[in-house]
Amino acid sequence: MLSRLTLGLFAAVGIAAALPAQAQSLKIAISAEATSADPHYHKNTANEALAAHVYEMLIGRDANMNLVPRLATSWKNTDDLTWEIKLRDGVKFSNGKPFTSEDVLFTICRTLNNKTNISDSYATFTKLFADVQTPDAHTVIIKTREPLPVMPQELARSLSIIWNGIVPHGKLSFDPEHGCGVTGPWPTNADFNNGKDAIGTGPYVQKSWTKGTGVELQRNEGYWGTKPAWKEVKMVPVPNAGPRLTGLLSGDFDVVENPAARDLQRLKDNPKFGYVATPSTRLVFFQPDVARSPSPFVKAADGKNPLQDVRVRRAISMAIDRKTIDARIMDGLATPAYQFMPDGMFGGMAKAPEIKYDPEGAKKLLAEAGYPNGFELTVSGTNDRYINDGQIMQAVAQYLSRVGIKTNVDAMTASIYFPKRAKREFSFSLGGWPSEVGEASGLFQLWVVSTDAPKSFGTSNYGGYSNPAFDKLYIPGSVTVDPAKRRALYEQATKIALDDLALIPLHFESSIWAFRKGLTYEGRRDQFTLAMSVKEAK
């Protein structure tokens with residue numbers, strides 16, 4: 001499905017006279033603001049895209065999400081539990097200090113001692129490590145507690161490397177429970193936000209980060225790789241699509257992310273501007289609270305939580321007209337989702353059967369479940385994180401109300417919403433997650449498997465879903481090295497989670513970037529807006 005969405009549409013014609021290379025400023029309007037400049041604070045796209053300017057992973061991803069060497073030049077399994085990683089020589093941090101294996105060890109330890117993060121987003125990965133050794137300055141050996149087949153993919157999305165000198169320490173060793181040799185306080189979220197500890201190896205240096213105002217970046221002149229074209233970059237949060245486009249048309253911005261799809265024709269007809277639309281793997285879904293009865297934002301005549309009945313969850317799914325939401329709200333630039341990952345992805349179904357819009361069938365299921373007169377429900381979510389998220393929730397509320405579920409909408413900014421969701425304050429919440437590792441394991445580990453924090457399972461399972469039959473397939477699959485066997489286990493687990501509607505899938509997003517004449521943008525499937533991806537047209 002997604003492959004047919006690939007648009008690659010450019011409407012810009014003509015080439016503006018180029019300014020001298022590497023001497024320009026760039027101003028970008030972003031739709032979703034980072035909630036922190038701390039690269040280990042909360043795993044979401046806006047935060048990770050900001051971090052990618054200042055920090056780097058051991059392994060990178062290109063625009064199509066293929067793995068590429070970054071701070072590591074090679075990686076290999078020496079046995080099922082051991083990974084040997086060779087580091088790039090000659091790399092320096094923005095303060096001029098050399099990058100070594102100690103920085104990798106320190107970064108891993110910091111994720112396991114980070115008290116100011118949200119929901120252990122990054123420790124979910126590093127908790128799987130049994131040992132980390134640094135035999136020399138350019139070698140890291142990681143031993144995992146169980147086989148971790150997707151180690152390279154995880155290293156490409158979960159470990160932004162920070163400098164070990166930001167806090168005092170003695171000899172570093174992998175002993176996270178006792179501080180790994182760190183003698184002072186661990187850096188906090190605030191220490192990165194104010195720039196004190198914002199020291200990375202990336203192509204840019206964080207000049208300032210102010211919530212609500214944006215981030216200012218300055219090119220890292222000592223960067224080891226290809227230096228970006230832009231000396232100064234400012235990324236400004238503009239949550240509403242209309243003002244973002246107005247800013248582009250008036251010359252206030254050079255690039256804007258996610259203009260409204262309905263406005264693309266205006267750009268197409270104007271030779272002064274261009275755009276690119278790129279499909280992503282991001283699933284937008286709803287997460288029902290199935291663990292608690294009663295649940296805080298569900299009211300039923302019997303005093304119970306109707307969301308615990310799978311018939312009610314199926315009724316909700318059937319009551320939503322995904323195709324109309326795609327056509328009218330997403331302007332055709334989304335793919336209705338009938339499973340948790342794009343069709344054919346590793347561990348999913350080759351082609352998921354359509355979830356048909358069937359309001360009458362939904363009413364019958366509600367009556368079967370004992371709710372012929374419906375119940376009351378609040379849909380909670382963001383109004384500045386996912387494309388058209390506020391409109392989506394309003395539309396879903398209308399669909400549910402038509403089948404007898406009196407539905408309220410509580411939309412809020414991401415910075416307020418995510419901490420509340422992590423505390424399980426909602427009953428029916430909006431979520432979004434990309435299949436970054438290229439298989440079912442990424443979403444299943446965080447959102448679907450039964451919560452077991454010490455094993456990094458279910459750390460985003462805010463709905464409390466738990467099915468032993470699913471766990472018996474997914475958990476062995478997550479440590480199965482043989483790809484064919486792992487795929488088979490994941491496919492069976494996918495069917496169970498779909499039948500149960502552990503999550504209610506809605507659609508897969510596409511991302512759009514618009515830009516002024518004389519520029520191009522390489523659209524990315526991971527939805528990152530990167531200054532490094534903006535180039536002068538040739």
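Strand β17 gives the most to the lining of the largest cavity, contributing 3 residues; helices (H or I, at least four residues) and strands (E, at least two) are DSSP runs numbered from the N terminus. The structure is a predicted model, in which local features need pLDDT of at least 70 and side-chain atom pairs count only at pLDDT 80 or more, whereas totals for chains, interfaces and linings use all residues. Residues are numbered from 1 along each chain as its sequence is written, and side-chain values use heavy atoms, with hydrogens and water left out.

Over the whole structure, 3 cavities of 30 Å³ or more are found, and the largest of them has a volume of about 200 Å³. On a 1 Å grid over the protein atoms alone, a cavity is a set of points where a 1.4 Å probe fits but cannot get out, while a pocket is an open set with protein on both sides within 12 Å along at least five of seven lines, and lining residues have an atom within 4 Å of a point. Grid points are joined across faces, edges and corners, and a volume is the space filled by probe spheres set on the points. The largest cavity is lined by 21 residues, of which H42, K43, N44, W433 and W447 are the closest to its centre. Two or more lining residues come from each of α1 (45–54), α12 (414–422), β17 (428–434) and α13 (441–448).

The largest pocket holds about 850 Å³ of space. Its lining comprises 36 residues, with R61, R70, R524, L530 and M532 nearest its centre, and the elements that give two or more residues to this lining are α1, β2 (59–61), β19 (519–521) and β20 (534–536).

The largest nonpolar core has 67 residues, and those with the most contacts inside it are L26, L58, F99 and V233; such a core is a set of buried Ala, Val, Leu, Ile, Met, Phe, Trp, Tyr and Cys residues joined through side-chain atoms within 4.5 Å, where buried means under 20% relative accessible area, exposed over 50% and partly exposed in between (1.4 Å probe, protein chains only). Helix α2 (residues 101–111) supplies the largest share of this core, 5 residues. A second, separate core of 43 residues includes A300, A369, I392 and A414. When residues up to four places away in sequence are not counted, F99 has contacts (heavy atoms within 4.5 Å) with partners including L58, L71, L87, V104, H138 and I161.

The structure holds 1 disulfide, a term that denotes a pair of cysteine sulfur atoms within 2.5 Å. The link is formed by C109 and C180, whose sulfur atoms are 2.1 Å apart, and it is left-handed, with -85° about the S-S bond. Because C109 lies in helix α2 and C180 in the loop between α4 (151–155) and α5 (189–193), the pair ties together parts that are 71 residues apart in sequence. Both C109 and C180 are buried.

Strands β8 (residues 204–210) and β9 (residues 214–219) run antiparallel and are joined by 6 bridges, two strands being paired if DSSP finds at least two bridges between them. Within this arrangement Y204 stands opposite R219 in β9. The two strands form a hairpin with 3 residues between them, and G212 in the turn has a positive phi of about 90°.

Residue P505 is found in strand β18 (residues 504–516) and is buried, with a relative accessible area of 1%. Leaving aside neighbours within four places in sequence, P505 is in contact with L283, V284, F285, R322, A337, Y338, Q339, F340 and I355.
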